[in-house]
Amino acid sequence: MIPDLIVLRLGELTLKGKNRHRFEKAINEQVRRVLRPFPKLNFIREFGRVYIELNGESFPHIAEKLKKVLGLGSFSPVLTAPLELEAVRLAAQEAMQAAVTDYRTKETEIKFKVTVRRVNKSFPYDSQQMNKLVGGSILRAVPGLKVDVNNPDIELKIELRDERALIFSQVVEGTGGFPLGTNGKAMLMLSGGIDSPVAGFLALRQGLKLEAVHFHSYPYTSERSQQKVKELVGKLSAYAGDIKLHMVPFTSVQTKVHQAYKQNLLITILRRAMFRITEKLADGSGASAIVTGESLGQVASQTLASMNAIGRAVGIPVIQPLICMEKQQIIRIAEMIDTFDISIQPHEDCCTLFLPPSPSTNPNLRVVESIESKMEWLEAELDEAVKQTETIWIQEGGQRHSHASFF
Ligand code: ATP
Ligand code: MG
């Protein structure tokens, strides 16, 4: 079956009250953005629904793009037919044949039902009559089927609209969630690991617009690990459009802190420094939260005490979408968004530079603050790191197409 058009449905969350219009608009913009490479498409808005006429463009290619539009609940490929009984029956047979071919895994009878909705009341048969007329013709034309209205394997839906009939059975799941950027903006702290890109995806799906922040210790960490981060952002931008990536040189801060303090709270102090730099970047970008990839208990440093001591370094909320997720669940999402294979490539982490012999898993906030208060040069160091930050735009696929320093 080669569909004539696609019908789009919003995610359930988007049905709520006055936000609906704003969400619809945001989704439509994104749909048009991702479908720009298909010039023959025709977009139709009708009674709060969006249809895309394919005009010969490839449904499978378009489906891949639509699966990445945040806030889209689902969509269906649709056959159309003129408003005339025989034409509707023929199209229904064709759609059912295609659905059966997709469905059939073993040679048992497939249960189906036909659900007709007559929007156009001038059509001569009502929906009950049409259910029988179309269902009967399908039974005669497609072998191996049985009607079961209570528990069908396949439900073929037919809408008799003003101009034409729409016929479909397949429902393709979208990402759901909120449309891009409809819940504000946050800074994503992105390492090269598995977790933070997944945290970024979940934040995007919750309607947050993101800018990414990566700390590197060049030349102690390689160009390659920076490249890896750019590729990860490239994967996220398939959902988000172009994303800003701030590359923060962290070597100087690390070296100075390490010269002043080498004990077991070193990692806590360095992480606090990373958070404070991120907060400064957030201020400059109009972002009002920080997103990170911690998962409670996953590694020794991800304890409540540690997260408390680190999170309190900043005054804006720290969002940790993975906090209660299992590693397997995180990995499944990483595979789905295609970041897993990039993340597992070996890389150096800036935080492993100058690791103390036994990092504390139970840092005391007062002690940490008192150590920091003796580093009266620290604030100026953080400001300098912000100043030296290189900001680049990353497109889908990971190329960069322009760059500027943060200020
Ligand atoms: P990930 O898999 O995302 O690397 P992780 O399990 O290795 O996370 P940590 O090393 O404890 O965990 O880092 C916790 C979080 O801190 C990361 O998920 C990320 O949000 C942030 N982070 C760590 N290193 C960096 C870095 N070099 N640049 C930016 N953010 C970082
Ligand atoms: Mg990591």
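Modeller: What follows is an account of the surroundings of ligand 1, and then of several places elsewhere in the chain.

The model is predicted, and local features are reported only at pLDDT of at least 70, side-chain atom pairs only at pLDDT 80 or more, whereas totals for chains, interfaces and linings use all residues. Residues are numbered from 1 along each chain as its sequence is written, chains are lettered from A and ligands numbered from 1 in the order in which they are written, and side-chain values use heavy atoms, with hydrogens and water left out.

To begin with the whole, the chain has 407 residues, of which 52% count as buried (under 20% relative accessible area; exposed is over 50%, partly exposed in between; 1.4 Å probe, protein chains only). Its C-alpha trace spans about 85 × 40 × 40 Å along the principal axes. The secondary structure comprises 13 helices and 16 strands, taken as DSSP runs numbered from the N terminus (helices are H or I, at least four residues; strands are E, at least two).

The part requested is the shell around ligand 1, which is made up of 19 residues, each with a heavy atom within 4 Å of the ligand. The closest of these are Met-189, Ser-191, Asp-195, Ser-196 and Gln-302. By class, the shell holds 7 nonpolar, 9 polar and 3 charged residues; here Asp, Glu, Lys and Arg are charged, Ala, Val, Leu, Ile, Met, Phe, Trp, Tyr, Cys and Pro are nonpolar, and the others, including Gly, are polar. Helix 5 (195–205), strand 11 (209–216) and helix 8 (266–285) each contribute at least two residues to the shell. Strand 11 gives the largest share, with 3 residues.

Met-189, one of the closest residues, belongs to strand 10 (residues 185–189). Met-189 is counted as buried because its relative accessibility is 8%.

Several side chains make polar contacts with the ligand, that is, pairs of N or O atoms within 3.5 Å (within protein, one atom must be able to donate a hydrogen and the other to accept it, and residues adjacent in sequence count only if both atoms are side-chain atoms). An N or O atom in the side chain of Ser-191 lies 2.4 Å from an oxygen atom of ligand 1. For Gln-298, a side-chain N or O atom is 3.4 Å from a ligand oxygen. Gln-302 has a polar side-chain atom 2.8 Å from an oxygen atom of the ligand. Of the 580 Å² of accessible area that ligand 1 has on its own, the protein covers 91% (Shrake-Rupley method, 1.4 Å probe).

A database record may be set beside this picture. Under "binding site", an unreviewed UniProt entry lists Met-189, Leu-190, His-214, Phe-215, Arg-271, Gly-293 and Gln-302. Among these residues, Arg-271 is in the lining of the largest cavity. A cavity is a set of points, on a 1 Å grid over the protein atoms alone, where a 1.4 Å probe fits but cannot get out, and lining residues have an atom within 4 Å of a point. UniProt annotations may be inferred rather than shown by experiment.

Between strand 11 and helix 6 (223–240) lies Pro-219, and the peptide bond from Tyr-218 to Pro-219 is cis, with omega near 5°. Most peptide bonds are trans. Thr-221 is found in the loop between strand 11 and helix 6 as well. Its relative accessible area is 5%, so Thr-221 is buried. A polar atom of the Thr-221 side chain lies 3.0 Å from the backbone nitrogen of Ser-217, and the side chain also reaches the backbone nitrogen of Tyr-218 at 3.3 Å.

Asn-55, in the loop between strand 3 (49–53) and helix 2 (59–66), has a positive phi near 45°. Asp-338, in the loop between helix 10 (327–336) and helix 11, has a positive phi near 70°. Most residues other than glycine have a negative phi. Asn-55 is partly exposed, at 44% relative accessible area, and Asp-338 is partly exposed, at 39%.

Finally, Pro-356 sits in the loop between helix 11 (340–343) and helix 12 (365–373). Pro-356 counts as buried because its relative accessibility is 6%. Its C-alpha atom is 6.2 Å from that of Gln-263, although 93 residues of chain lie between these positions.

Technical notes
On a 1 Å grid over the protein atoms alone, a cavity is a set of points where a 1.4 Å probe fits but cannot get out, and a pocket is an open set with protein on both sides within 12 Å along at least five of seven lines; lining residues have an atom within 4 Å of a point.
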